[in-house]
Amino acid sequence: MEISFATMIGIFISVVLVNNLVFQGFLGICPFLGVSRKIDMAFGMGCAVTFVITMAGAITWCIMHLILEPIAGRMFDDPKALNFLQYVAFIMVIASMVQLVEMYLRKCFPPLYTALGVFLPLITTNCAILGACLYIYMKPETQPFLNALIYAFGGGLGFMLAISIMAGIREHIRFSNVPKPFQGAGITLLVAGILALAFTGFTGIGK
Amino acid sequence: MTIVMAAIILFGLTLIFATLLGVAKEILRVDEDPRIEQINEVLPSANCGGCGFAGCADFAKAVVEGKAPCDGCPVGGAETAADVAAILGIEVVQTAPFRPIVHCGAKTQDKLGVVPYEGIETCVGANIVGVTQACAYGCLGYSDCVRACTFDALHMVEGRPVVDYDKCTGCGACVKACPRDLIELIPFKEERMLVVACANKESAKAVKAVCKVGCIGCKLCQRFAPDVFEVPGNIADINYEKYTGEETEEVKKVLDKCPAEILLYFGRPKLKHAEQLAAEKAATSRN
């Protein structure tokens, strides 16, 4: 896979709009529904996820390409021999990154830290992040480091976009006359489904 | 061989990240007052919100910052206040525990003009309708306060809420629940306190038309015991700053003479009161 500007743009648009992790991959649904009550909180969550996903994407790329594959290739003549380690290693990387973000936010942005509350440590188990890291290793176009970084950053932005749109809609739903059987979780899931349906309209753009 | 290699790689990675996090913790350390954590430990951790803060941790922070009094926890009471004060290094003045009283003593049969109400069975709902009973001030009896109580200390007895003072912690949830503001927290200087169990601000005639027991604002109590009672409008009021919970001669006289039946004792009967009650009961049964 050649490294070109066009490929990077393609990867970026693909992961933000066309193959959005939330709407097309059904990853990260828990925070997507849990923290999308207020738009500023949703945006904060999106920022935190974007940061963690980018850092985790970069570090996991390094782990796969600089540690696991060379060692496995040299010792077992099969670069994929140690691939079963990626789950454990990736989760460790993500957990460490979340800890780092938590400490940083607590030091520098205490209001955001208190607003996110329990959802901040819950990023650890946000499957969008682990999913993005695993996708990066699986997809042929994200094998170069720069492309992987763009994919990870785009994945975070896509999540931020999705959760912010959702929060905006939910802020309006609060003041609208929802039929009784759909109130609460029902209307939220319906909206999420319709949003996902709307995003399929991007299919066909890029690759 | 694969397993050994996997273990070595993971161990190495763990070591790297542990070091990274350890260093980051030192760099990004937040200097928090250690007293916040200590105070949080002596609080009841019920997170009931009775103090007015979001939870025990918030209250602990507010106490250290001087935004809340050290005896601000109504559930913990004097013991917790003393613990908190010890951590802060200050003296705590002994205060009476705040407990709720109900400003309506009308039983179901005392209320006049009660009409059948088939709406939502909550006081808030009935209060909006407004005409479920003639008295616009009295207890509606749909148990909003009972549902609000998380300590099982309120029960509906004969159409009005009765506080179980053995279980009550004074958190004030019932005060917020009552749409007619009938419940008030007062300092219980004694185990039982005298209460004006009426909130009707109308004149005597209007009160008589809606309730058999309501306060008619005759000012008799104010005349006999001006230290304790005040009648600012058409309703008697007890000055709990001056009233010590003691049954003085004047108070006894007022209790004797009051034409309405709204001066009630709330709280646990004290030992001597209990003996007195038992003696009276024995005397009546002998007759």
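Biologist: In this predicted model, which handedness does the crossing of α1(A) and α8(A) have?
Modeller: The two helices concerned are α1, residues 5-18 of chain A, and α8, residues 145-173 of chain A. Where they cross, the handedness is right-handed.

Biologist: Are α1(A) and α8(A) roughly parallel or roughly antiparallel to each other?
Modeller: Two packed helices are described by the angle between their axes and the distance between the axes. For α1(A) and α8(A), the axes come within 7 Å and cross at roughly 30°. Angles under 35 degrees count as roughly parallel. The relation of α1(A) to α8(A) is therefore roughly parallel.

Biologist: Which element of chain A has the highest mean pLDDT?
Modeller: Chain A as a whole averages a pLDDT of 87, with 97% of its residues scoring at least 70. Among its elements, the lowest mean, 76, belongs to helix α6 (residues 119-122). The highest mean, 93, belongs to α8(A).

Biologist: How many strands does chain A have?
Modeller: Along the sequence, chain A follows the pattern α-α-α-α-α-α-α-α-α. Its helices number 9, and its strands number 0.

Biologist: What share of the contacts in chain A with a separation of 6 or more is accounted for by residues 24 or more positions apart?
Modeller: Chain A has 207 residues, of which 38% are buried. Of its contacts with a separation of 6 or more, the share from residues 24 or more positions apart is 80%.

Biologist: Does Thr188(A) count as buried or partly exposed?
Modeller: Thr188(A) is found in helix α9, residues 185-199 of chain A. Leaving aside its neighbours within four places in sequence, Thr188(A) is in contact with Leu33(A) and Arg170(A). A residue is buried if 20 or more other C-beta atoms lie within 10 Å of its own. Thr188(A) has 19 C-beta neighbours inside 10 Å and so counts as partly exposed.

Biologist: What distance separates the C-alpha atoms of Thr188(A) and Ser36(A)?
Modeller: Along the chain, Thr188(A) and Ser36(A) are 152 residues apart. The separation of their C-alpha atoms is 9.7 Å.

Biologist: Which element gives the most to the side of chain A that touches chain B?
Modeller: The contact takes 17 residues from chain A and 14 residues from chain B. On the side of chain A, the elements that give two or more residues are α3 (39-76) and α4 (85-108). That side divides into 13 nonpolar, 2 polar and 2 charged residues. With 11 residues, the element that gives the most is α4(A).

Biologist: How many strands are there in chain B?
Modeller: Chain B has 287 residues, and 30% of them are buried. Its contacts with a separation of 6 or more come to 60% from residues 24 or more positions apart. Chain B has 11 helices, and the number of its strands is 8.

Biologist: What ipTM does the model score?
Modeller: The mean pLDDT of chain B is 83, and 93% of its residues reach 70 or more. The model scores a pTM of 0.55 and an ipTM of 0.76.

Terms used. Residues numbered from 1 in each chain as written. Chains lettered and ligands numbered in written order. Predicted model: local features only at pLDDT ≥ 70, side-chain atom pairs only at ≥ 80, totals over all residues. Axes fitted to C-alpha atoms, helices over the stretch in contact; angles between N-to-C directions. Helix = DSSP H or I, 4+ residues; strand = E, 2+ residues; numbered from the N terminus. Parallel < 35°, antiparallel > 145°, perpendicular 65-115°, else oblique. Left-handed = near helix turned anticlockwise from the far one by under 90°. pLDDT = per-residue confidence, 0-100. Contact = placed C-beta atoms within 7 Å. Nonpolar A, V, L, I, M, F, W, Y, C, P; charged D, E, K, R; others polar. Buried ≥ 20, exposed ≤ 12 C-beta atoms within 10 Å, placed from the backbone.
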